[in-house]
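The sequence and structure come first.

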There are 2 protein chains.
Amino acid sequence: MRNRRVLLASRPSGWVSEANFRIDETPLPQPAQGEVLVKNLWLSLDPYMRGRMSDAKSYVKGVELGEVMVGQTVGEVVSSRNEKFKEGDKVLTQLGWQLFGTTTEATRVDEKRAPLSCYLGVMGMPGMTAYFGLKDIGQPKRGETVVVSAASGAVGSVVGQLAKIWGCRAVGIAGGGQKCAYVTRELGFDACLDYKAANLKEALRQACPSGVDVYFDNVGGQIFDTLLTQMNLHARVVVCGLISDYNATEPYAIRNWRAVLVNRIRLQGMIVFDWKERYGEATKALGGYFGEGKLKYRESVIEGLDNAPRGLIALLKGENFGKQLVKLA
Amino acid sequence: MRNRRVLLASRPSGWVSEANFRIDETPLPQPAQGEVLVKNLWLSLDPYMRGRMSDAKSYVKGVELGEVMVGQTVGEVVSSRNEKFKEGDKVLTQLGWQLFGTTTEATRVDEKRAPLSCYLGVMGMPGMTAYFGLKDIGQPKRGETVVVSAASGAVGSVVGQLAKIWGCRAVGIAGGGQKCAYVTRELGFDACLDYKAANLKEALRQACPSGVDVYFDNVGGQIFDTLLTQMNLHARVVVCGLISDYNATEPYAIRNWRAVLVNRIRLQGMIVFDWKERYGEATKALGGYFGEGKLKYRESVIEGLDNAPRGLIALLKGENFGKQLVKLA
């Protein structure tokens, strides 16, 4: 048995293309003392991966050329030289775009509590991003209006459902009528606006008759700039993603900054790693809501490691619908 | 004796001109029950006044055409129908650009503690803006680097001096060598950069070898955009003023927003009125530092009410040096 891996072959300029990746095969790695050998079952695809393909300064160092693409995976322990794990354990790891890998850093997950793939979505990093960003930065109060962009996506869908659970009006922004219908009918948001249609500013005015108290921004760019004009006094903006800029060669230029001063808006950039010591709190809360059937989710599944590059490109173009996953086995 | 007033005659588009104002005379107003009649001695000129001349949405409603221009004043009670005040009391009021006025809203000030004009500057609204913005939003820790723009101005000069008192490195940004020399030599900042000279980004790198932890922004625009690229992880930005945009017909377009996400920066718009219930705390702290000689200040005084329009125009162009005042009597 051999390992199969997707490596970063070249850095994209503008849109990612399949030519930026290369696939190779290597002998199966052997676990050292303290490590487990894991067979990956599910790979998560996420917008942040675009940043790691670049060598511009970001949260952490980018992927080096010729290295395995980074990514979170759920897999099964094949052999263990770590007393905390045994063969057959299901674990969450950071093994990246490959079929097998060895690591000392694994977190056991409970298949009875939720399907394995959920630990990459609603119960995983995207769910926790939504939880901490909305709770700690957004600080929504009962009766307030929360707007979230990329509302049908892995983070956005949880943001809006948490907003509803916490007693707020939830308004999503998504691309296309099909996604908007899903966001309102299945996820239970109060409204969802199609940014591809018509006048977003006017649509926001109608969907948010009392203005916007919290904006959870997953996209940046023109949508962020438009939202600035709709924020209430002392509103909060969670700056979580900039997907509209990730593939742009020139950043979008923000023109409505004056609103921040006039309405004394608070804005804060976030990455979920900053809440590492509180992951337990999020897992418990999200697990509770999930168990009660209050957190619905949708997955967009691509089969086979070799199709992961295509999956990431589609994700960056907004073609996915729900949490984007690659089924590896 | 008659009253003399400066009224808003027309709304400026772009730069303010003297033609936007009109001067008139009226009979001396008589205090109603509960009011005092005040003879204004000092009028404060502040950048926010540009906003009040416009009818665009801002903190509060703009001045109506034909109304007296708004502004804070220090004056002397001439006659009182309010038992809390007696003739000769010195008071801080919001009577605006006129020689006399009646009001129920006056705050007694203590001439022995500080010269009267200081209650419009270092001990007044600008000083409190610096105090609450830096303390509550900037939250500087000992050893951190605080950068402030318009550093020789009424707010900026207090921000940097408080940063030094609280154990930080204070770096100012000001226009021209003369102001910069004042900021370092007289106010005791560690460095001051001339935004009119050379490459601000490179100058910031040299003056802030450990990066920027707090940026107190009084100007917005390109300086704000440049600062974004120099902020440390978890840095804070106090969004206090946008003087660079006040007279622009098109707002400046911000291009470095991505830094907010990468470094998880927190930014917050402020206006000192939001701290109304804590003014006492600021007055006490600033009064203490002032008494110890730790808060130096400089005033730019224009003589005579009729020259107030010219003074405001100069202020908006950055031609003042220190707190801009009009001496009325």
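## Helix α3 of chain A

The model is predicted. After α3(A) comes A:Gly167, with a positive phi near 90°.

Ten of the twelve residues of α3(A) are buried, so the helix is mostly covered. Among the buried residues are A:Ala154, A:Val155, A:Gly156 and A:Leu162. Their cover includes the helices α2 (125–138) and α9 (279–291) of chain A, together with the strands β8 (145–149), β9 (169–174), β11 (212–217) and β15 (323–327) of that chain.

## Relation of the two chains

The same surface serves both, since 100% of the contact residues of chain B recur in chain A.

## The interface

Chain B and chain A each give 32 residues to the contact. Between them they bury about 3,000 Å², 60% of it on carbon and sulfur atoms. On the side of chain B, the residues that lose the most area to chain A are B:Trp257, B:Leu261 and B:Arg264, together 25% of what that side buries.

Eight residue pairs are in polar contact between the chains, and two salt bridges cross the interface. In chain B, β12 (231–239), α8 (258–262) and β13 (266–269) each supply at least two residues of the side that touches chain A.

One of the salt bridges pairs A:Asp274 with B:Arg264, the closest N and O atoms being 2.7 Å apart. Another joins B:Asp274 and A:Arg264, also at 2.7 Å from N to O. This pair runs from the loop between β13 and α9 of chain B to the loop between α8 and β13 of chain A. B:Asp274 counts as partly exposed because its relative accessibility is 25%, while A:Arg264, at 9%, counts as buried.

## Salt bridges within a chain

Over all chains the structure holds 40 salt bridges. In one of them, A:Arg2 pairs with A:Glu25, with the closest N and O atoms 3.4 Å apart. The pair links strand β1 (residues 2–8) to strand β2 (residues 21–27) of chain A, its members being 23 residues apart. A:Arg2 is partly exposed at 47% relative accessibility, as is A:Glu25 at 38%.

In chain B, the side chains of B:Glu292 and B:Lys294 meet in a salt bridge of 2.9 Å, N to O. B:Glu292 counts as exposed at 51% relative accessibility, and B:Lys294 as partly exposed at 42%.

How values were computed. Residues are numbered from 1 along each chain as its sequence is written. Chains are lettered from A and ligands numbered from 1 in the order in which they are written. This is a predicted model: local features need pLDDT of at least 70, side-chain atom pairs count only at pLDDT 80 or more; totals for chains, interfaces and linings use all residues. Side-chain values use heavy atoms; hydrogens and water are left out. Buried means under 20% relative accessible area, exposed over 50%, partly exposed in between (1.4 Å probe, protein chains only). Helices (H or I, at least four residues) and strands (E, at least two) are DSSP runs, numbered from the N terminus. Contact means heavy atoms within 4.5 Å. Buried area is the accessible area (1.4 Å probe) that two parts lose on being put together, summed over both. A salt bridge is a side-chain nitrogen of Lys or Arg within 4 Å of a carboxyl oxygen of Asp or Glu. A polar contact is a pair of N or O atoms within 3.5 Å; within protein, one must be able to donate a hydrogen and the other to accept it, and residues adjacent in sequence count only if both atoms are side-chain atoms.
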